[in-house]
Amino acid sequence: LAPLELKEYQRRVIERYDDYLKALYAEKLKAEKAMQALKEAEVDIPDGIGDWPKNAWKKIETLLPRIKTPIGLKIPEYIARYDARGRSVPHVCLKVPTGGGKTLLATECVGRVQTDFFKSQTGLVLWVVPTVQIYRQTWKALANREHPYRQTLERASGGRVKVLEKDDQFSKSDTENYLCIMLVRLAATNRASNKEFLKIFRDTGKYSSFFPETDDYTSNKDLLNIYRDLETNDLGDGYTFSSLSVKHSLVNTFKMLQPIIVIDEGHKAYSDNTRESLNGFNPSFILELTATPNVKNY
C-alpha cells in the first residue's frame with residue numbers, strides 16, 4: 001500500500017499538535033528544574049508548580065481555533081485531568097469529521113508524542129475503540145506491516161512495533177524494546193459492573209516479569225514505596241505493609257508503564273466511570289479523537 005498523504009486540514013491539525021508538544025516539553029523541563037532546585041534548598045514545593053500541562057496549554061491557547069458557545073466564539077478552556085496519584089495528565093482532543101482519517105491522525109500523533117515529547121521509541125500505547133466493528137478494522141490495519149497506519153508507527157519506533165490484544169501475554173523486555181500497541185474495547189475500561197474490566201485486576205502469571213516474587217517481601221515493599229497505588233493481594237488479618245505482595249495484574253502493569261492512551265470516538269468515553277477508570281491507569285498522555293467533542297470536558 002502506498003503511503004497516505006495528509007490533507008490540508010490534517011496538516012493544520014498536526015501543526016497545532018506539534019506546537020502543543022513543544023510547549024509541553026519546554027514546560028515539563030522547566031517544572032522539573034524548579035522542583036529539583038526547591039528540593040535541594042529544602043523548601044516546600046508550592047501548589048501548581050508541577051502542573052506543566054496547564055502551563056503548556058496557556059502558552060499556546062492563542063494559537064488554537066475558537067469554539068462556538070451560546071455567547072459566541074471563545075478560546076477553549078483548559079480542563080484538568082489527574083491520574084490515580086494526583087499527577088496532572090497532558091491530554092488533548094482532536095476534532096475530526098466523520099470520514100476525516102482519524103486513525104491516520106492518531107498514528108501520526110502517537111509517533112510525534114513518542115519521538116518529540118518522550119524522546120523514546122518504545123513503551124506501551126493503550127488504543128481504546130468503542131465497538132467490535134471498529135476494533136476489527138483497526139486491528140486489521142495495525143497488524144498489517146504494509147498498511148500506512150502501521151508504517152507510520154514503524155517509522156516512529158525504528159521498525160519495532162508489537163501489536164497486542166488485552167489478553168495477550170507480554171513482558172517488561174517487550175515494552176523496553178518495542179513500541180507495544182494494545183488494542184482494547186471501551187467496555188473493557190469501564191469499571192461500572194463490567195466483567196471484562198474486572199479481569200484486568202486479576203492476579204495472573206502473564207506479566208510476572210514486571211513484578212518480584214510473591215514471597216519476596218523486601219522487593220515487594222521496595223516496589224510499593226515507588227508505586228504506592230498498586231493493587232496488593234489480600235493476605236488476611238495480621239499482615240503489615242512490610243509483608244504485602246503486589247498483584248501480578250494487568251492494571252498494575254499499566255500503572256507502572258504509564259501508557260499513552262488513544263481514545264477513538266472519545267465522546268463515548270465521557271462518563272464519570274470511564275474517565276475515572278482511564279485516569280486510574282496512570283496515563284502519561286491522553287489523545288482523544290472525535291467529531292463531536294464535549295467542550296465541558298476539554
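Modeller: Let us begin with exposure: a residue is buried under 20% relative accessible area, exposed over 50%, and partly exposed in between, with a 1.4 Å probe and protein chains only. This is a predicted model, in which local features need pLDDT of at least 70 and side-chain atom pairs count only at pLDDT 80 or more, while totals for chains, interfaces and linings use all residues. Residues are numbered from 1 along each chain as its sequence is written, and side-chain values use heavy atoms, with hydrogens and water left out.

Biologist: Why is lysine 28 called partly exposed?

Modeller: Its relative accessibility is 25%, and the range for that word lies between 20% and 50%; therefore lysine 28 counts as partly exposed. Glutamate 32, at 36%, is partly exposed too.

Biologist: What makes the pair of glutamate 32 and lysine 28 a salt bridge?

Modeller: A salt bridge requires a side-chain nitrogen of Lys or Arg within 4 Å of a carboxyl oxygen of Asp or Glu. The N to O distance between glutamate 32 and lysine 28 is 2.6 Å, so the pair meets the definition. In the whole structure, 15 salt bridges are found.

Biologist: How do you know that glutamate 32 and lysine 28 are about one turn of the helix apart?

Modeller: Both lie in helix α1, 4 residues apart, and that is about one turn. Helices (H or I, at least four residues) and strands (E, at least two) are DSSP runs, numbered from the N terminus. Helix α1 covers residues 8-40. The protein chain has 10 helices and 8 strands.

Biologist: Where else in helix α1 does this kind of spacing occur?

Modeller: Glutamate 8 and arginine 11 are 3 residues apart in α1, about one helical turn. Their closest N and O atoms are 2.8 Å apart, and the two form a salt bridge. Glutamate 8, at 42%, is partly exposed, and so is arginine 11, at 38%.

Biologist: What makes the contact of lysine 255 with aspartate 229 a salt bridge?

Modeller: The N to O distance is 3.9 Å, and the limit is 4 Å, so the pair qualifies. This pair links distant parts of the chain, for lysine 255 lies in helix α9 (residues 250-257) and aspartate 229 in the loop between α8 (217-226) and α9, 26 residues apart. Both lysine 255 and aspartate 229 are buried. Elsewhere, salt bridges with shared partners join Glu8, Arg11 and Arg12 into one network.

Biologist: Why is valine 163 called buried?

Modeller: Its relative accessible area is 17%, and the cut-off for the word is under 20%; therefore valine 163 is buried. Valine 163 lies in strand β5 (residues 161-165).

Biologist: Which residues does valine 163 touch?

Modeller: Leaving aside residues up to four places away in sequence, valine 163 touches Trp139, Leu142, Ala143, Arg150 and Ile181. Contact means heavy atoms within 4.5 Å.

Biologist: Why is helix α5 said to be largely enclosed?

Modeller: Of its 10 residues (148-157), 8 are buried, so α5 is largely enclosed by the rest of the structure. Among the buried residues are Arg150, Leu153 and Ala156. The buried residues of α5 pack against α3 (102-117), α4 (132-143), β5 and β6 (179-185).

Biologist: How much of the protein chain is buried?

Modeller: Buried residues make up 46% of the 298 residues.
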